[in-house]
Amino acid sequence: QVQLVESGGGLVQAGGSLRLSCAASGRTFGGYAMGWFRQAPGKEREFVAAISWSGGNTYYRGSVKGRFTISRDNAKNTVYLQMNSLKPEDTAVYYCAAGRQPVDSTYGYDYWGQGTQVTVSS
């Protein structure tokens with residue numbers, strides 16, 4: 001019912017910034033909570049940020065609070081992740097996901113994008 005496509009990843013030096021975008025197809029985007037997850041080689045996929053369907057509630061893992069901002073534009077069927085003050089440990093493939101509630105578990109999401117690579121050099 002929902003297809004998600006991430007974009008905006010790339011190579012950046014430590015301390016730099018990137019903005020990731022996730023474009024959704026389907027007519028019910030506004031009714032979904034959205035999340036961002038990331039996965040580094042050899043590690044489990046981990047929660048990064050989530051936002052409620054209205055955009056009124058946002059959630060972040062502790063290591064990105066104050067550096068990353070999640071937002072959404074329902075009129076454009078798009079969710080964003082603004083990443084500032086990037087660190088080498090932020091290097092991972094970043095995935096967006098859609099689900100009923102903005103939870104911090106991969107099990108709470110029904111639809112996933114293909115991922116976009118973010119690499120932060122020192």
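Let me start with the link of C22 and C96, which is right-handed, with 55° about the S-S bond. Please keep in mind throughout that this is a predicted model. The sulfur atoms of C22 and C96 lie 1.9 Å apart and form a disulfide, and because C22 belongs to strand β3, residues 18-25, while C96 belongs to strand β9, residues 92-99, the pair ties together parts that are 74 residues apart in sequence. A search of the whole structure finds 1 disulfide.

Are these two cysteines buried or exposed? C22 has a relative accessibility of 0% and so counts as buried, the cut-off being under 20%, and C96, with a relative accessible area of 0%, is buried as well.

Turning to the fold as a whole, the protein has 11 strands and 0 helices. Its radius of gyration is 13 Å, close to the 14 Å that the globule rule gives for 122 residues, and the protein is therefore as compact as a globular protein of that length. Along the principal axes, the C-alpha atoms fill a box of roughly 40 × 25 × 25 Å. Of the 122 residues, 43% count as buried, and among contacts between residues at least 6 apart in sequence, 57% join residues at least 24 apart.

Finally, the surface: the protein exposes about 6,300 Å², of which carbon and sulfur atoms supply 47%. There are 12 positive and 8 negative side chains, and the centres of these two sets lie 5 Å apart.

Conventions. Residues are numbered from 1 along each chain as its sequence is written. This is a predicted model: local features need pLDDT of at least 70, side-chain atom pairs count only at pLDDT 80 or more; totals for chains, interfaces and linings use all residues. Side-chain values use heavy atoms; hydrogens and water are left out. A disulfide is a pair of cysteine sulfur atoms within 2.5 Å. Helices (H or I, at least four residues) and strands (E, at least two) are DSSP runs, numbered from the N terminus. Buried means under 20% relative accessible area, exposed over 50%, partly exposed in between (1.4 Å probe, protein chains only). The radius of gyration is taken over C-alpha atoms; the globule rule is 2.2 Å times the number of residues to the power 0.38. Contact means heavy atoms within 4.5 Å. Accessible areas come from the Shrake-Rupley method with a 1.4 Å probe; for residues, only the protein chains shown count as cover. Lys and Arg count as positive and Asp and Glu as negative; His and the chain ends are not counted. The place of a charge is taken as NZ of Lys, CZ of Arg, CG of Asp or CD of Glu.
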